Amino acid sequence: MDGSLNHNKHLKEQFVSNLTGSSMLEIAVMSTVAPLLSVLRHSICSSYQTVTPAKKNDHDNAILGSKKLGNYVATLSVDFLFIVLPMLLIFTVLADWVYMFVIPMMVLVFSVVTANRFDASNYPGGPLSLRTNVSSYRVLMMIITFLCILAVDFKIFPRRHAKTETYGTSLMDLGVGSFIFANALVSRQARSVSSANWKAAVQSTSPLLLLGFARLLTTRSVDYQVHTGEYGVHWNFFFTLSGSILIGFQYWLSHGLNVYLLSDERGTDILSKNKEGIFSILGYWGLYLVGVQLGYYLFFGNRSTTAFRTIKWARVRVSFISLVFWLVTVLLDRHVERVSRRMCNLAYVTLVLAQNLQVLAILMLSDFNAGSKISALEEALNRNLLGSFLLANLLTGLVNLYVDTLFIPSLSALAILLAYAYCLSIITGIAGFYGVKLKFW
């Protein structure tokens, strides 16, 4: 296209089209390895004191904070080597060996946690709080997201992990659903279901709507590649009748709506042009409502219990519910309708719930580790989740505009991805060190 900033737009769109995904087993295994890396880092973090970021208004300690910045960046770099680098390798060059890593990783983490547990006297403090575990889970979802959104544009990223066209399961299929669930789990509605109202729901989702419109404008203005089947809609209202919404939507899909949504025919009206996104609102809405109710049930509904009992039983409940959703997903996928992110059908919703709760349950293993601490990188990302997400999308767009991602050699692609991930980690960390925080809520 003459005058286009993205000369290979059509080829890039074809590169991410007509894909069928991988298997649920592979997703489950990858959802085990990734949080185990965080648990391992939490265990090692318990053996030293992390560098405290400088406070934004602490002028008296400005010089001291500057001296500590170097140590803080070094700590962030170690966190990057322990958490982000292995994940990037597993998603790309080591993807075919992920099954070989899961057992050794489990043994290693079990050994470290056990050793620290028997040596608990050397580590002051107790287990991580529920709030910290949930924060760590949301950060891990963000790390996976910012790694995949750029890696998918390179051939080094297996096509089975990219978004599926119609039916199927893949790592990137879980992105939108996980984002919605992670926000629902800690939403204001989850903290107080009985007091939720429409005004609060609109206020909590307005930033997502603004970001959606901003993404539309920016991708159109630079002629960025956009897959025609990709109409992710974040429409997060709240509570009650989530089961009715999901079951009713699935009934509608199974009785002809799925044929209409997956067909290539599009009319001239706005509904037909955006049919996937508009109708999938029902599925994402139901997912959000389930997330709100699970957040209340798992974390916010039993405030009268002691902290230790809450953590202990929350871990048991999360693990059990995750297993139930995995079983339900398999049954739905085989006997009702295959998983489809594009339509956000019932099987997709239960898959998102199963995978996310599995990740959270594994992260909660840090509670067995006396004196366990969240890593400095996770703290930095948690303070600036929105900022890191926006920066990741900006950097991804820049790389795509100035690098021929489809034809670059594998070694160069890996180098670019490493530089991108490291810069994103360090910039977010330094922003947090100086008290910079981007937050709409």
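Me: Why does C423 count as partly exposed?

Reply: Its relative accessibility is 39%, and partly exposed covers the range between buried (under 20% relative accessible area) and exposed (over 50%), with a 1.4 Å probe and protein chains only. C423 therefore falls in the middle class. The model is predicted, so local features need pLDDT of at least 70 and side-chain atom pairs count only at pLDDT 80 or more, while totals for chains, interfaces and linings use all residues. Residues are numbered from 1 along each chain as its sequence is written, and side-chain values use heavy atoms, with hydrogens and water left out.

Me: What makes C344 count as buried?

Reply: C344 has 0% relative accessibility, and therefore counts as buried.

Me: Which residues line the largest cavity?

Reply: Lining residues have an atom within 4 Å of a point; among them here are I27, M30, F91, L171, Q355 and V359. Helix α2 gives the most, five residues. The lining divides into nine nonpolar, two polar and no charged residues.

Me: Which helix supplies the largest share of the lining of the second largest pocket?

Reply: α4, with six residues. That pocket holds about 260 Å³ of space. L36, M106, V109, F110 and L365 are the closest to its centre, out of eleven lining residues. Both α2 (24-45) and α4 (98-118) supply at least two residues.

Me: Where in the protein chain is confidence lowest, and where is it highest?

Reply: Helix α8 (residues 198-221) is lowest at a mean of 50, and helix α13 (residues 346-363) is highest at 94, on the pLDDT scale of 0 to 100. The chain mean is 77, with 72% of residues at 70 or more. Residues 304-309 stay under 50 and have one contact beyond four places in sequence, a contact being heavy atoms within 4.5 Å. Residues 228-241 also stay under 50, but have 47 such contacts.

Notes: On a 1 Å grid over the protein atoms alone, a cavity is a set of points where a 1.4 Å probe fits but cannot get out, and a pocket is an open set with protein on both sides within 12 Å along at least five of seven lines; lining residues have an atom within 4 Å of a point. Grid points are joined across faces, edges and corners, and a volume is the space filled by probe spheres set on the points. Helices (H or I, at least four residues) and strands (E, at least two) are DSSP runs, numbered from the N terminus. pLDDT is the predictor's confidence in each residue, from 0 to 100. Ala, Val, Leu, Ile, Met, Phe, Trp, Tyr, Cys and Pro count as nonpolar, Asp, Glu, Lys and Arg as charged, and the others, Gly among them, as polar.
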